[in-house]
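Hi there,

Here is the structure I promised to pass on. Could you open it and keep it beside you while you read the rest of this email?

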Amino acid sequence: MRLLSYRRDNVLRHGRLDGDDGDDGDKVDELGDGDLFSLLQQVFPLRDVDLPAPRGRYRLDDVELCAPIGRPGKLLAAAANYQEHVTETGGAPLDKSTLVPRLFLKPSTCVAAPGEPIELPELSKQIDWEAELGVVIGRRARAVSVDNALDVVAGYLGANDVSARSLDYGIARDTDDKAVWFFDWLAGKWFDGFAPMGPYLVTADEVPDPQALPVRFELNGTVHQQGSTAGMIFSVAELISHASRLMTLEPGDVILTGTPSGVGAASGVYLSVGDRMVVTIGDFGELRNELR
């Protein structure tokens, strides 16, 4: 089941996609006001039989898609979670037995809607892409085991962890200092619009194995990333379990799970005004955004 958030008559609403694609195009069965966070506060797990009765039916082309969860309480992301991504940028292969997942937070102001233009920041000329599987938490979870971790998932979505690979503040700094490097790397994840998500939330019951999903990224029609979630160092379940040992996970929290090889930093290709990005995770639909 595909669920979506959208604006209709300039009001934020959510609904269920009916992809019959008839003569009049795909339809949306409207379920309520607010984005999908509103639904998660009422229903979990997200099963068709438990959803509110539709209160209207509209053409998908007549609504404006929004991010499924517009302002997640916590937007977590996993760094260096694909071995091939680690090595493509010159890093040594990681030994999982001596590591824990490398999680960091992105501000909720990073979230961008499908089709929303992303503004290039003035502080960097090296803006990169990272196609990623996003995981949406459906119920409160604290210290959940790996075996039970997927039980707290409401659904999955496509995401793009847009990243500034360098920062120029206009002052001389010691960039060999590890602290300077780390905080620049982290701040490079924080710009407005640097976490497009969508177009839909695919409910967990439709994704029996989140480690078997193709991950694809296109820039201006050219494929740069072509991987699989099978290449993760830490699985979705392991990421959730680890995060829940550090903090309480709550409905609407989102975890971005890392990116495979093919990022711009490996080839020296960075984003420019007018570039068109397309992220495709499995058959979740295409997440499209343009740079301005």
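Below is what turned up, starting with some ground rules.

This is a predicted model, so local features need pLDDT of at least 70 and side-chain atom pairs count only at pLDDT 80 or more, while totals for chains, interfaces and linings use all residues. Residues are numbered from 1 along each chain as its sequence is written, and side-chain values use heavy atoms, with hydrogens and water left out.

**A buried strand**

Let's begin with strand β10, residues 131–137. (Helices, H or I with at least four residues, and strands, E with at least two, are DSSP runs numbered from the N terminus.) In β10, 7 of the 7 residues are buried, so the strand is largely enclosed by the rest of the structure. Buried means under 20% relative accessible area, exposed means over 50%, and partly exposed is in between, using a 1.4 Å probe and protein chains only.

In a regular strand, side chains alternate between the two faces of the sheet. Here A131, L133, V135 and I137 point one way from β10, and E132, G134 and V136 point the other way.

Which strands does β10 pair with? With β11 (residues 153–160) it pairs in the antiparallel sense over 7 bridges, and with β16 (residues 254–256), also antiparallel, over 3 bridges. Two strands count as paired if DSSP finds at least two bridges between them.

Most residues other than glycine have a negative phi, and most peptide bonds are trans. Here are some exceptions.

- The bond from F44 to P45 is cis, with omega near 0°; P45 is in the loop between α1 (36–40) and β4 (56–59).
- The bond from G198 to P199 is cis too, with omega near 5°, and P199 is in strand β13 (residues 195–203).
- D9 has a positive phi, near 55°. This residue is in the loop between β1 (2–8) and β2 (11–22), and D9 is exposed, with a relative accessible area of 63%.
- A143 has a positive phi of about 50°. You'll find A143 in the loop between β10 and β11, exposed at a relative accessible area of 51%.

The search ran on a 1 Å grid over the protein atoms alone: a cavity is a set of points where a 1.4 Å probe fits but cannot get out, a pocket is an open set with protein on both sides within 12 Å along at least five of seven lines, and lining residues have an atom within 4 Å of a point. Grid points are joined across faces, edges and corners, and a volume is the space filled by probe spheres set on the points.

There is 1 cavity of 30 Å³ or more, and the largest cavity has a volume of about 40 Å³. Its lining includes A79, L94 and F234.

The largest pocket has a volume of about 720 Å³. Of its 29 lining residues, T89, R165, W181, W185 and K189 are the closest to its centre. Helix α3 (178–187) gives the most to this lining, with 5 residues.

The second largest pocket comes in at about 230 Å³. It is lined by 15 residues, with C66, A67, G70, A113 and E116 nearest its centre. Strand β5 supplies the largest share of that lining, 3 residues.

Happy exploring!
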